Amino acid sequence: MNGKQYWRSLGQRRESAEFRQWLEREFPEQASEWTGSRRTLLRLMAASFGLAGLTACRRPAERILPAGRGVEGYVPGRPLYYATIMTLSGLATGLLVETHEGRPTKIEGNPEHPSSRGAATAFAQAAILSLYDPDRSRSVLRQGRRSSWEELAGFLRSHFEAAGRGEGLWLVSSAIGSPSLARLKALLLEKHPRAHWIEYEPLGREQELEGSRLAFGRALQPQFRFDQAEVILSLDADFLGLDCLAPAWITAFARRRRVSSPSDGMNRLYVVETAYSLTGAMADHRRRARPSEIPALAQELARELGLAASLPVVQPGAPRSWAEAVARDLKRHRGRCLVLAGPRQPAAVHALAHWINHALGNVGRTVYYTEPAVRTQAERLHDLAAEAASGGLRTLVILGGNPAYNAPAELDFAALMRKASVSIHLGPEADETAALASWHVPEAHFLESWGDGRALDGTASIQQPLIEPLFGGKTAAELVALIAGYPRQRAYELAHEYWTAQWPKGDAERIWRRSLHDGVIPETAFPEIRPAPDVPRLRSLSAAPPPAGAELEVTFLPSASTYDGRFANNGWLQEAPEPVTKLTWDNAALISPATARRLGLQAGDLATLERAGRRIVMPVWIQPGHADGAVSLTLGYGRLRCGRVGRGVGHNAYPLRLSGAAPEAAALRLSKLGRKYPLAVTQEHHSMEGRPLVREATLEQFRRQPDVAARQGPKTEPFSLFREHAYTQGHQWGMAVDLNACIGCNACLLACQAENNIPIVGKQQVRRGREMHWIRLDRYYAGGEDDPQVVWQPVACQQCEMAPCETVCPVAATNHSPEGLNDMTYNRCIGTRYCANNCPYKVRRFNFLDYHKGLEEVQKMAYNPDVTVRMRGVMEKCTYCVQRIEEKKIQAKAEGRPLRDGEILTACQQTCPAEAIVFGDLNDPESRVSRLKRDPRNYSLLGELNTRPRTSYLLKLRNPNPEMESLESS
Amino acid sequence: MATVSSSTESALVLGRPSLAEVTRTVAGIVERRTPRAWWAAFALTGSLTLVLLAMLGYLVTTGIGVWGNNSPVGWAFDITNFVFWIGIGHAGTLISAILYLFRQRWRTSINRFAEAMTLFAVACAAIFPMFHVGRPWRAYWLFPAPNAWLDLWPNFRSPLIWDVFAVSTYGTVSLLFWYVGLIPDLATLRDRAQSRARQVIYGVLSLGWRGSARHWNHYEMAYLLLAGLSTPLVLSVHSIVSFDFAVSLLPGWHTTIFPPYFVAGAIFSGFAMVVTLMVVARQAFGLQHLVTMKHLENMNKVMLATGLIVGYAYGVEFFIAWYSGNPYERFAFVNRALGPYSWAYWIMVGANVLAPQCFWFRRLRTSVPAMFAISILVNIGMWFERFVIIVSSLHRDFLPSAWGMFRPTWVDLLTLAGSFGLFLTLFLLFVRFLPLISMSEVKGMMAAREGA
Amino acid sequence: MPLPFTRSADRNLRIFFSAFLLIITGSITLFSFYSRPQATEIGYSPVQPVPYSHKLHAGNLGMDCRYCHTGVEQSAQAGVPAAEICMNCHARVKSQSPLLAKVRESYQSGRPVPWVRIHRLPDYVHFNHQAHVLAGVSCVTCHGRVDQMAEVRQVAPLSMAWCLDCHRDPAPFLRPRELVTRLDWQPERDPRELGGELMAARGIRPPLNCSGCHR
Amino acid sequence: MRGGPAGSPIYGVAAEFEDAARLLDALHELRRRGYQRLDACTPFPVHGLQEALGLRRSPLGWAALAAGLAGASGALLLQWWTGSVAYPLVIGGKPFFALEVSVPVAFELAVLLASFAAVGGMLALNGLPRLYHPSLRHSRFGRASDDRFLLIIESDGPQFQPERALEALRSLGGRQAEVLEE
């Protein structure tokens, strides 16, 4: 493949003996059917299988239970969609939620909402499972014993009577984006002027605001217009991955990477980072740097741009020349480029980024500024600690969040909590914090409670519930209202009252209803602010940290599965492989191959990590492309007080995490423990073996020869020995996946899981190689093992016209529909697995065990009623969401009109923030998919086998800076 | 009774026993009271059979997940065992049918034995396709039975359906062949019966055979026909089994050489198993003068020949993989010889290609311990051949992202062991209650020799 | 030893064998006959919690099916009416009848009346009422003359083979949309001819592939 | 007891011979003397016996051939009907019916039915199973399945004279010449 060496993994690269053992080890001693299963088979199915054809034995009486009173506008059997929002770290994204018979079953992005634009993230997709999580806390607890909301109310009334002006009252809440809650906060502080309220997020972005304060003298929120930027430099900002504050960012970015003809242009992305992130994978030029090098590089860049000329040269050599080249490229694109810094970077780096953007005339074009939607103040936790030490802490109220688990290590939050005479915790589960609190209140899930919230750009939305609280949960607003002794107490009243007060009397109700319907409240976005940089201050500030003599630097990353630990009990997320490492059900200390060699470590080795006198044990994982001399630790694992799914999964890295600016650079000691730890990965199977699977070229190559995609494949002219079936009548479904847009996030995978009732199988089964995901995100490395590039390829059933799987099925359980679908009939399948063996794409999934076993009623509510739940022993696979196709077809017929292009969206397509997946009718020459099939970049995976896949891929392009080729090669 | 003469003696029957002596020797085995050793062996194999039943029970109630199979390795021990046993089951019919047609006299004293082995091997083989499916209680959908509910039929394009027909036909015809051969001897046992029970049982089983000239007239024609039918049948069965792989598009499976290669391999393994069992049986029951060194040597020669064919096939596979220029094919075979499963590949080569070379030397060819050891090696080797073809091809195919490794579970191993238990149990019952050498044929041959 | 068998042996043998064969074949035929869905499904008519008579309402009073089964034209499910719908009339008519106690109770409390399902499909079969009704397949085709049934009983096997009969050749079973709920309607001309025209007019092509019903 | 009370119907007479050669000589001689309904019970198929008794070549082959053809054509019919009439399904983009893929099943069914015909026909023509037969009454019948050869002269009606038949057998070297009752 155009000179590139694709390889599987370090072990494989040098076919070492250890590697072979590793491969062996990858599979456990015995078949353990997974006990912690989460879902069960609808027994009816089994029953009807069993009964089919039995003699006339009495049929078990099945009941039909119609409602006593009809519900307005509700027709049994028809799904309804409602707009609402999901709030993460105080920022809201708009959702559209599908409900069947009153149970939410599927989440999509709200097209009307500025931050989602119809896309939904993996976290949003998985929220459905959390809603029906039977391990959520089910009642108010007092000292761990069952209590009640009323009892709590009584207690609080008396307690706060005594509290007077709020002496010794501290409230720690998660970030507040909700205007109505903000107002209640104000009210409460009015009533208790001595009280303190801290907004804390373990993954807060204080540095970002601090940076803008340095640059402009006031805290401002930068708002990015990625679709305007032609050159983007990311300083450790994973803005396509876990630092992404709005799916719309990805959409905007991806739009600038659409290339359909050689004349089209595309943006260029530079990334400087320590670990390998999704953004890094998309980069045209990625520079790996230890945390301490990044500020230096930022400063270098500023100097190259003639801004910080006065500052000393921090590091001569390579970074310098690199910075030069980038600087030149940025200068060439004044007003059309963008520099952004990540939340892990110190304020100074953010300040520099603001300054550079300003200097390059990007402000107001690729970036503009508004009021911040949320302000968190982790640093104020120290005041709390001080107060506690001085014995002044009387009452501690924790509104959401789990500080006992994730607060900065040096605070020893647990001890701090014990000092409070009364501590009240509101949270979705009885977690580490709840265990220490004298009162615990179950928090309502966002799909079951009223509220409101703001998107990053300030746009406000109503959070409307789709179901009554399953376990009688309460919202933060309700608890605050209770504490503040506010007359109104119910979440609905609190939100409704706040907003209707904002609007003209007569119109209020109409606007309210409209806002509910649209999912956004009109004219609520923040106005743009044009700040002026405080140049003297900027000149004086040096971004370079004190030279860190540390052997090993450490950086802490959010988890793609648990975020900051809050999603630990979500099986879908736990089993979704981490995009780059492909680790499931675990986290690990990521180090570079060189560092591993130096420390004599191998993947899976357990090691002790020591920092500032604290030590943890964790397995290491060797991550190609990771910065040398640095360790990346994924947060959010090792939860001890958590539901059955997440308890004890992975290792907790928080004990090593200290607060304060750029603490990450502080030294870390890592020593081998001499034991191995079993990790469940799928990554060892990711090498291209020089096969033209993911076809990739530079924009230049593509311009020189537009058919480069075809040229990269073998020269074959497949023909068949028999007369083929013609697929010319009616609809002919097909799909095109743009590898240039796909960013490798797991949104499609989880959307598919939610839509198609796909079970989770657990770590043991994943280690056996039995994961059930219908869509697989193949990740391949390209280039040297120290600094490779990463390419993605989502692979689901390709719906081959000449499907090898069909021919070999002895019972014709899989065969072809006239619309070109490769139908899979679960109830006919007897499970020979011959089809899977004969599938060159290996996209068929087999129910080796009853993965839906032992499920509680509440969990069954998550099922999509339009899709059969597969029993043990049958094969399953992607169907292009045939249930959606049929639904839309019937709808069109009912309305007596033809189907519109884009009316049918597959689950993966609908949620994809990068709009990389396009599905449609190949018989309609004007459909989007047909046009993409005519795109010169279009090619079929393994097309040379003459399987005639209906899914095809679009060539992956990179847009390297010609000046830098020399640097890369060095 | 005559005693064994030196191993250089190459006659088919030693010491010119009288017809009566032949009868006494063979029927005697059945009529003598059960030896202790038999009971011991039976207890052992019987308990292994129970293990098999237990494993299958666990499998059906819990799911295929109790095995090591996974994605991409959808088939592993299950189909490996199936092909292995079917292969074993080829020697019997081959000896009785093909050698019969070629008028190979030396077949007479071993064919009954070999046919019985065939039947039991096929019985063991049939278990695996039945139970390797995810929902065995639906396995009857494999047969073209009309169904009032579904109105659905099997997919006759699938090699698995061809298997169903081939294996069931083969089993049935082998049974007929074997039973027809037994009828005259059953009559003998009836006539020699010392107890009423035996008299009635053998009497019914022999269908009232009288050895009348008219009987023999039709009988010989029927036997000839069965032989003529079984010959293409036996070749077709393993060809069709090989289609399971050849018809797919998997590199390492999709190979046109498979049918002849599989047939040769089947004969190879079948003869190996016959030798293994025969060596023990003739020792145990003192049949050295009926099953002579000549028989064993001939079988060893056949093993040498088929071993060479198999070895040749191994070589050709690699040549074609290279010659075809198909990168996937090339990788598959390099991976076979050098990949994570190379150990299995080299065991296979060692046992199937190298070991039989010993049979070039008369001394080894005619040494009972040597042939016993080598035949067992070949059995192991042939099991691994199937394992290599199935697992090493599946575990790394087209998309490296989907590659995986197979690791057997304890259930896999016990099921395999259990199938041997079943096989040997059936065999012990056979040698205990039925004449393990065809008396009428031996007598016929002796008479013919007198005539000559 | 005596003779193995006497003259009678063969007769006994033949008797024994023929008896054996008879039993085997007999039981097989009986089983396959009585295990047909025609035998197992048709005629199922459980006792309902409320003695509701379709004969009275749909037949004598001539109420339209859709008055109660409201979803039939918009949804996959025809829908069993809420007690509310019953009460629309029975608030006045027979408002005190003890037979309707359960309905009134349900209307008051909102707790459902536990009707027993009669027409059941396995959950891997996705039947859609809307699609069929809009295509012009009458209720009577699957549910029979419900308007003549005091207690509803299943009249069709609802087996896959049975569904396929119609999907393969729908013409004779089609009628103008507006007549779908007219259970007693008979076409005055050849139904096949009429159905053919309707098929052409509405582009009716019933799916014969698996995913048409199994998803 | 052998010989039986006078009057009970007689099946024929039988005597035992030492070996196949003597048996064949005897048979030839008897046929020369005009005995038509002869039979012999031997422990193994004796060559020349068919000729000596003037038996025709067994017709089983034709039965097997017919059955085989029936099997093959039946299989083809089944596969064509199920594939393209009963429920035509598009499978792997392949034709609904093709001869190539139908060969294996056709072949197997042909062999199966042919074998049934061969064995079934053999039993039918031999009138088996037949547990009782008069020849079993011969005192030395047991040896006939061991190492002796039994020659039977069947009665051809009332004119049959057992004494002469017995005499003839004895004269030809037959031992244990006995009368067999029905």
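This is a predicted model: local features need pLDDT of at least 70, side-chain atom pairs count only at pLDDT 80 or more; totals for chains, interfaces and linings use all residues.
Local features need pLDDT of at least 70 and side-chain atom pairs count only at pLDDT 80 or more, while totals for chains, interfaces and linings use all residues. Residues are numbered from 1 along each chain as its sequence is written, chains are lettered from A and ligands numbered from 1 in the order in which they are written, and side-chain values use heavy atoms, with hydrogens and water left out.

**Chains A and C**

The contact (heavy atoms within 4.5 Å) takes 44 residues from chain A and 44 residues from chain C. Together the two chains bury about 4,000 Å², 56% of it on carbon and sulfur atoms; buried area is the accessible area (1.4 Å probe) that two parts lose on being put together, summed over both. Two salt bridges cross this interface, a salt bridge being a side-chain nitrogen of Lys or Arg within 4 Å of a carboxyl oxygen of Asp or Glu. A salt bridge joins C:Arg117 to A:Glu62, with the closest N and O atoms 3.1 Å apart. On the side of chain A that touches chain C, the elements giving two or more residues are helix H3 (43–51), strand S2 (63–64), strand S33 (814–816) and helix H30 (882–894). Helices (H or I, at least four residues) and strands (E, at least two) are DSSP runs, numbered from the N terminus. H30(A) gives the largest share of that side, six residues.

**Salt bridges within chains**

Over all chains, the count is 96 salt bridges. The table gives examples.

| Pair | N to O distance |
|---|---|
| A:Arg510 and A:Asp507 | 3.3 Å |
| A:Glu610 and A:Arg615 | 3.8 Å |
| D:Glu18 and D:Arg175 | 2.4 Å |

D:Glu18 lies in the loop between strand S1 (10–17) and helix H1 (20–32) of chain D, and D:Arg175 in strand S4 (residues 175–181), so the pair ties together parts 157 residues apart in sequence. Both belong to a network of salt bridges that also links D:Glu16, D:Arg140, D:Arg143, D:Asp147 and D:Arg148.

**A nonpolar patch on chain D**

D:Leu77, D:Trp80, D:Trp81, D:Val85, D:Phe96, D:Phe97, D:Leu99 and D:Val103 make a nonpolar surface patch of about 740 Å². Patch residues have over 30% relative accessible area and no salt bridge, and nonpolar side chains (Val, Leu, Ile, Met, Phe, Trp, Tyr) are joined within 5 Å. H3(D) supplies the largest share, four residues. D:Phe97 sits in the loop between H3 and H4 of chain D.

How values were computed. Patches are made of residues with over 30% relative accessible area and no salt bridge: like charges are joined within 9 Å, nonpolar side chains (Val, Leu, Ile, Met, Phe, Trp, Tyr) within 5 Å. Accessible areas come from the Shrake-Rupley method with a 1.4 Å probe; for residues, only the protein chains shown count as cover.
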